[in-house]
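My notes are below, in the order I worked.

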Amino acid sequence: MIVAERKPLAEILEMVKDCKKILVLACRGCVTVCSAGGEREAEILGSLIRLGMKKNGRTAEVFEGSLVRQCDREYVDAIDQWKGQYDAIVSTACGVGVNFIANLRPADNVFPALNTTFLAVRPSRASRANSVPAAVTVFSI
Ligand code: SF4
């Protein structure tokens, strides 16, 4: 799976400073497992953006949504349920998801909320039982 971490809030606020309607879009895939960009993290980020915009003297409607996966076309069309409600998507998916949506929706402003850090594999229980090292294996990307 992909492991990621959230960008500094100031960086995200700078990206969306001129936006009036913002959709913070969670991914229920890998970034949910690593607690970086699932629904809970998107809700927290949405609140932080609201507060940060207010603190910076700006106003914006910020709401949250999620897709099963942002790297799978089968699920990306579900964005249409929010059509007209945003002028920016702040994606909490990994870089794969952000780029996939940006390519599919060239007219939309899609911003990455996370820095993608690793690919990680956790051995199966059977492997661990056979003394294969139980530590997570990571691959820098
Ligand atoms: S978009 Fe990224 S984080 Fe989401 S399921 Fe796909 S690879 Fe995992």
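**Ground rules.** I am reading a predicted model, in which local features need pLDDT of at least 70, side-chain atom pairs count only at pLDDT 80 or more, and totals for chains, interfaces and linings use all residues. Residues are numbered from 1 along each chain as its sequence is written.

**Whole chain.** I listed six helices and seven strands in the protein chain. Here helices (H or I, at least four residues) and strands (E, at least two) are DSSP runs, numbered from the N terminus. Along the sequence I read the pattern β-α-β-α-α-β-α-β-α-β-β-α-β. Of the 141 residues, 35% count as buried. Buried is 20 or more other C-beta atoms within 10 Å of a residue's own, exposed is 12 or fewer, and partly exposed lies in between; C-beta atoms are placed from the backbone. I then checked contacts, meaning C-beta atoms, placed from the backbone, within 7 Å. Among contacts between residues at least 6 apart in sequence, 62% join residues at least 24 apart.

**Sheet.** I found an open sheet of four strands, ordered E3-E2-E4-E5, with parallel pairing. Two strands pair if DSSP finds at least two bridges between them. Strands E3 (61-67) and E5 (110-112) are at the edges with a single partner strand each, so one side of each has no neighbour in the sheet. Neighbouring strands are turned by 25° against each other on average, direction ignored. Axes are lines fitted to C-alpha atoms, for helices over the stretch in contact, and angles run from 0 to 180 degrees between N-to-C directions.

I went on to the bridges. E2 (residues 21-27) and E4 (residues 88-91) pair in the parallel sense over four bridges. Val-24 has Val-90 of E4 as its bridge partner. E4 and E5 run parallel and are joined by three bridges. There, Ser-91 has Pro-112 of E5 as its partner.

**Helix H5.** H5 (residues 95-104) lies across E2, E4 and E5, at about 170° to E5. Which residues of H5 are buried? I noted Gly-97, Val-98, Phe-100 and Ile-101. Down the axis of H5, these buried residues fall within an arc of 165°, so they line one face of the helix. That arc is of the directions from the helix axis to the C-beta atoms. Their cover includes E2, helix H4 (73-76), E4 and E5.

**Trp-82.** Where is Trp-82 found? I placed Trp-82 in the loop between H4 and E4. Trp-82 counts as partly exposed because it has 14 C-beta neighbours inside 10 Å. Leaving aside neighbours within four places in sequence, Trp-82 is in contact with Leu-23 and Gly-65. The C-alpha atoms of Trp-82 and Gly-65 are separated by 8.5 Å.

Note on methods. Two residues are in contact if their C-beta atoms, placed from the backbone, lie within 7 Å.
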